[in-house]
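Take a moment to look over the fold before reading on. We will walk through it helix by helix and then step inside.

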Amino acid sequence: YSYTLRLGDTSPIIAQRLSEWTGHGPFLEEDVALTNIALDTFGRAKNLLEYAAKVEGKGKTEDDLAFFRSDREFYNALITEQPNGDYAKTIVRQAFIDCFDALFYAELTKSKDETLAGIAAKTLKEVTYHKRHSFSWVMRFGNGTEESMTRLQNGFNEIWEYTGELFE
């Protein structure tokens, strides 16, 4: 229960952060891309929280777990709570999460728990796209202007300290 809950709690927090860019991204196609990534991530949260509720066996639903707990009852990774900042910082945070998720969910597909393995298989397909998207922006910022590189580096410096928790 706790393991699945932690996975489920991390997803809606980062999805909410990404959805904050809707209507505020650098251009329309990017608004749509981040919105779609957020929707994929909300879907993963639904599946994981639904399964956590089932495992707990106390008659709760995924909505009970997502919306009717205090902030202190969530077990999400703190990297997901970090403010978006400028677009480069958001992209750095997302690149770290996408890279971790690609590796993590690839391994979780091998789980003996068939439900988690199934969620992981669906997630892995989505995360492959997410990673390609975020890494293309990292390259764009890194190979762009001096300002874009500085913003990328500043985002990296601010977010890096939160990556270790992903491995706990």
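**A walk through the helices**

Gly-142 is partly exposed, because its relative accessible area is 30%. This is a predicted model. Gly-142 belongs to helix 5. Now look for Leu-18. Gly-142 and Leu-18 are 124 residues apart in sequence. In space, their C-alpha atoms are 21 Å apart.

Stay with helix 5, which covers residues 114–142. How far apart should its ends be? At 1.5 Å a residue, the 29 residues of helix 5 should span 42 Å. Yet helix 5 has a kink of about 25°. The kink is centred on Leu-124.

The N-terminal end of helix 5 has a cap, Asp-113. A side-chain oxygen of Asp-113 lies 3.0 Å from the backbone nitrogen of Thr-115. Further along, helix 5 has a set of buried residues, including Leu-116, Ile-119, Val-127, His-130, Trp-137 and Phe-141. Keep Val-127 and His-130 in mind. We will meet them again.

Next comes helix 4, residues 87–108. Helix 4 has 22 residues. From first C-alpha to last, helix 4 reaches 30 Å, close to the 32 Å expected at 1.5 Å a residue. Is helix 4 largely enclosed or largely open? Of its 22 residues, 17 are buried, so helix 4 is largely enclosed by the rest of the structure. Look at its start. There, a side-chain oxygen of Asp-86 reaches to within 3.2 Å of the backbone nitrogen of Ala-88.

The C-alpha atoms of Ala-88 and Ser-148 are separated by 7.5 Å. Along the chain, these two residues are 60 residues apart. Ser-148 sits in helix 6, residues 146–159. Ser-148 counts as buried because its relative accessible area is 11%, and buried means under 20%.

Turn to helix 2, residues 28–56. Ala-53 is found here. At 4% relative accessibility, Ala-53 counts as buried. Compare Ala-53 with Pro-83. They are 30 residues apart along the chain, and their C-alpha atoms are separated by 29 Å.

Arg-44 is in helix 2 as well. Is Arg-44 buried or exposed? Its relative accessibility is 5%, so Arg-44 counts as buried. What does its side chain meet? A polar contact of 3.3 Å joins the side chains of Arg-44 and Asp-101.

Now step inside. How many cavities of 30 Å³ or more does the structure hold? It holds one. The largest cavity has a volume of about 40 Å³. Arg-44 and Asp-101 are both among the residues that line it.

The largest share, four residues, comes from helix 4. What kinds of residue are these? The lining of the largest cavity divides into three nonpolar, three polar and three charged residues.

Key
Residues are numbered from 1 along each chain as its sequence is written. This is a predicted model: local features need pLDDT of at least 70, side-chain atom pairs count only at pLDDT 80 or more; totals for chains, interfaces and linings use all residues. Side-chain values use heavy atoms; hydrogens and water are left out. On a 1 Å grid over the protein atoms alone, a cavity is a set of points where a 1.4 Å probe fits but cannot get out, and a pocket is an open set with protein on both sides within 12 Å along at least five of seven lines; lining residues have an atom within 4 Å of a point. Grid points are joined across faces, edges and corners, and a volume is the space filled by probe spheres set on the points. Helices (H or I, at least four residues) and strands (E, at least two) are DSSP runs, numbered from the N terminus. Ala, Val, Leu, Ile, Met, Phe, Trp, Tyr, Cys and Pro count as nonpolar, Asp, Glu, Lys and Arg as charged, and the others, Gly among them, as polar. The expected span of a helix is 1.5 Å times one less than its number of residues. The bend at a residue is the angle between axes fitted to the seven residues ending there and the seven starting there. Buried means under 20% relative accessible area, exposed over 50%, partly exposed in between (1.4 Å probe, protein chains only). A polar contact is a pair of N or O atoms within 3.5 Å; within protein, one must be able to donate a hydrogen and the other to accept it, and residues adjacent in sequence count only if both atoms are side-chain atoms.
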